[in-house]
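Grab a pencil and open the model next to this page.

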Amino acid sequence: MFRESHKALIALLLVTGYAGYSIHIYTDLPQANVEQHIQVEKGKKLWQSYNCIACHQVYGLGGYLGPDLTNTYSLKGPAYIKAFLESGTNVMPDFNMNNEEMEALLAYMEDMDRTGIASPSSFKLHLNGTIEQ
Ligand code: HEC
């Protein structure tokens, strides 16, 4: 079959291929935006501790006193959301949040917004039963 010199050449090719590929994989890792991630985590904790889900839904799940907030960030914008958080309404309490908390909550809502579209009425229904957002 293979001569000894060919075997060595094939082994060398495999080893360099493996090493090259490994170097490529491990030096090309996506850089996570750590700062942004920390903000989002903080916002998520606030969302939970202020219990927004008691009155609001995410992807249609949650309380039904207020509207679904999954896509509020892109639909109405951060200034609109901030106004609600600062002043509340006669139904929604104002939570006396400081600016830092509000920014974290907005980061969380922006992140949530990126996960998809919440309103099923905007989905396209195919004849085979699948949906398209
Ligand atoms: C006690 C119930 C209640 C809680 C808790 C609550 N909300 Fe609300 N929220 C409402 C209601 C009801 C509305 C709709 C306006 C109205 O009728 O007063 C609303 C409206 C909003 C709106 C405007 C949405 C739109 O599409 O116009 C935003 C943004 C919002 N709330 C964010 C929050 C966040 C963030 C939290 C948690 C920190 C929260 N809410 C907690 C009841 C609540």
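**Exercise 1. How many disulfides does a search of the whole structure find?**

Step 1. The search turns up 0 disulfides, a disulfide being a pair of cysteine sulfur atoms within 2.5 Å.

Step 2. Cysteine 52 is buried, because its relative accessibility is 12%. Cysteine 55 comes out as partly exposed, because its relative accessible area is 29%. The classes work like this: buried is under 20% relative accessible area, exposed is over 50%, and partly exposed sits in between, with a 1.4 Å probe and protein chains only.

Some ground rules before you carry on: this is a predicted model, where local features need pLDDT of at least 70 and side-chain atom pairs count only at pLDDT 80 or more, while totals for chains, interfaces and linings use all residues. Residues are numbered from 1 along each chain as its sequence is written, and side-chain values use heavy atoms, with hydrogens and water left out.

**Exercise 2. Work out which residues coordinate the iron atom of the ligand, and what geometry its site has.**

Step 1. Look for the protein donors: His56 brings NE2 and Met92 brings SD, at 1.9 to 2.2 Å from the iron. Donors here are N, O and S atoms within 2.8 Å of the metal (3.2 Å for Na, K and Ca), and water is not among the atoms, so sites may look incomplete.

Step 2. Go through the angles. The iron has 6 donor atoms with angles of 86 to 178° among them, and the site is octahedral. For six donors, that label asks for opposite donors over 155 degrees apart and all others between 65 and 115.

Step 3. Histidine 56 sits in the loop between helix H2 (34-49) and strand S1 (57-58), and methionine 92 in the loop between helix H4 (78-87) and helix H5 (99-113), so together they tie parts that are 36 residues apart in sequence. Helices (H or I, at least four residues) and strands (E, at least two) are DSSP runs, numbered from the N terminus.

**Exercise 3. Describe the largest pocket: what is its volume, and what lines it?**

Step 1. Its volume is about 620 Å³. A pocket is an open set of points on a 1 Å grid over the protein atoms alone, where a 1.4 Å probe fits, with protein on both sides within 12 Å along at least five of seven lines; lining residues have an atom within 4 Å of a point. Points are joined across faces, edges and corners, and the volume is the space filled by probe spheres set on them.

Step 2. The lining has 31 residues, and those nearest the centre are His56, Gly66, Pro67, Leu69 and Thr72.

Step 3. Helix H3 (72-76), H4 and H5 are the elements that give two or more residues to this lining. H4 gives the largest share, with 4 residues.

Step 4. Sort by class: 21 are nonpolar, 8 polar and 2 charged. Nonpolar covers Ala, Val, Leu, Ile, Met, Phe, Trp, Tyr, Cys and Pro; charged covers Asp, Glu, Lys and Arg; the others, Gly among them, are polar.

**Exercise 4. Where do asparagine 51 and asparagine 96 lie?**

Step 1. Asparagine 51 belongs to the loop between H2 and S1. Its phi is positive, about 55°, although it is not a glycine. With 42% relative accessibility, asparagine 51 is partly exposed.

Step 2. Asparagine 96 belongs to the loop between H4 and H5. Here phi is positive at about 50°, again without the residue being a glycine. With 67% relative accessibility, asparagine 96 is exposed.

Notes: Four donors count as tetrahedral if all angles lie between 85 and 135 degrees; four count as square planar and six as octahedral if opposite donors are over 155 degrees apart and all others between 65 and 115; anything else is irregular.
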